[in-house]
Amino acid sequence: MASLRPPPSSSAQHGNTVLVPSPPPPPPLPSSHASCLTSRGGVLDPDAAKPTLDIDPYAKSERLGRPMSPHLTIAHPSMTFAGASIWQRFTGCGLTGLFYFGSIWYGVAPYSPLEVVAFAHSMPSAVIFAGKAILAGPIVFHSVNGVRHLFWDTATGLRVKTVDNTGTLIFGVTVVGTVALAMQ
């Protein structure tokens, strides 16, 4: 049975509403034709009607002629693995693991804090400097590069040349900051 709706005329504004039947909906398409008629971006996509988990992304990329890893072939090494972005993640994970390991070790270690400090002071100066540098380097890098990531969040400094220059600057500031902290 067709539903009744008021016509889009001026008679509804004066209180004289006339109900007219609405046209029937079009018949549903057979499920075998749905994927053929669905398109994304103007290209017929046989995967458009499938649930996401049923689509093989590798087969789809091969069928569409996409490269396997475009980020490795488009960007140069200073912006990918060797760049500051991946090291931001490495240092973040490392510092997090060190924090948890240190906290747990401090809670279960059979040594008092005074014994640990006395042991550290008994080491040669070069070993103390190296230990401070090993701890200070990731902290300085992660902090300084984190500021760069905050600028990126505001869409500032995203040009390729700016990204390269700030990446070089980050590594330079890290070296200077690490040496300064390790000498304290």
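Hi everyone, let me start with how helix axes are drawn: they are lines fitted to C-alpha atoms, for helices over the stretch in contact, and angles run from 0 to 180 degrees between N-to-C directions. Helices here are DSSP runs of H or I with at least four residues, strands are runs of E with at least two, and both are numbered from the N terminus.

A quick word on the model. It is predicted, so local features need pLDDT of at least 70 and side-chain atom pairs count only at pLDDT 80 or more, while totals for chains, interfaces and linings use all residues. Residues are numbered from 1 along each chain as its sequence is written, and side-chain values use heavy atoms, with hydrogens and water left out.

Now, the overall picture. The protein has four strands and seven helices, and along the sequence they come in the order β-β-α-β-β-α-α-α-α-α-α. Of the 184 residues, 15% are buried; that word means under 20% relative accessible area, with exposed meaning over 50% and partly exposed in between, using a 1.4 Å probe and protein chains only. The protein exposes about 14,100 Å², and carbon and sulfur atoms supply 70% of that. These areas come from the Shrake-Rupley method with a 1.4 Å probe, and for residues only the protein chains shown count as cover. Contact means heavy atoms within 4.5 Å. Taking contacts between residues at least 6 apart in sequence, 50% join residues at least 24 apart.

Let's move to helix packing. Two packed helices are described by the angle between their axes and the distance between the axes. How do α6 and α7 pack? Their axes are 8 Å apart, at an angle of about 145 degrees. On the α6 side, the contact includes Phe129, Lys132, Ala136 and Trp152; on the α7 side, Val163, Phe171, Thr178 and Leu181 are among the residues involved. By class, this contact has 14 nonpolar, seven polar and two charged residues. For those classes, Ala, Val, Leu, Ile, Met, Phe, Trp, Tyr, Cys and Pro count as nonpolar, Asp, Glu, Lys and Arg as charged, and the others, Gly among them, as polar.

Not counting residues up to four places away in sequence, Ala136 touches Thr178 and Leu181. Its C-alpha atom is 9.8 Å from that of Val175, which sits 39 residues away along the chain.

Lys132, also in α6, is partly exposed, at 32% relative accessibility. Leaving aside neighbours within four places in sequence, Lys132 is in contact with Leu181, Ala182 and Gln184.

Next, α6 with another partner. The axes of α4 (residues 84–108) and α6 (residues 125–153) come within 9 Å and cross at roughly 130 degrees. That angle makes α4 oblique to α6: under 35 degrees counts as roughly parallel, over 145 as roughly antiparallel, 65 to 115 as roughly perpendicular, and the rest as oblique. Here the crossing is left-handed. Among the contact residues are Trp87 and Leu95 of α4, with Pro138 and His142 of α6.

Finally, the loop between α6 and α7 (160–182), where you will find Ala155. Most residues other than glycine have a negative phi. What is phi for Ala155? Near 60 degrees, a positive value in a residue other than glycine. Ala155 is exposed, with a relative accessible area of 57%.

Definitions and conventions:
A crossing is left-handed if the near helix is turned anticlockwise from the far one by less than a right angle, and right-handed if clockwise.
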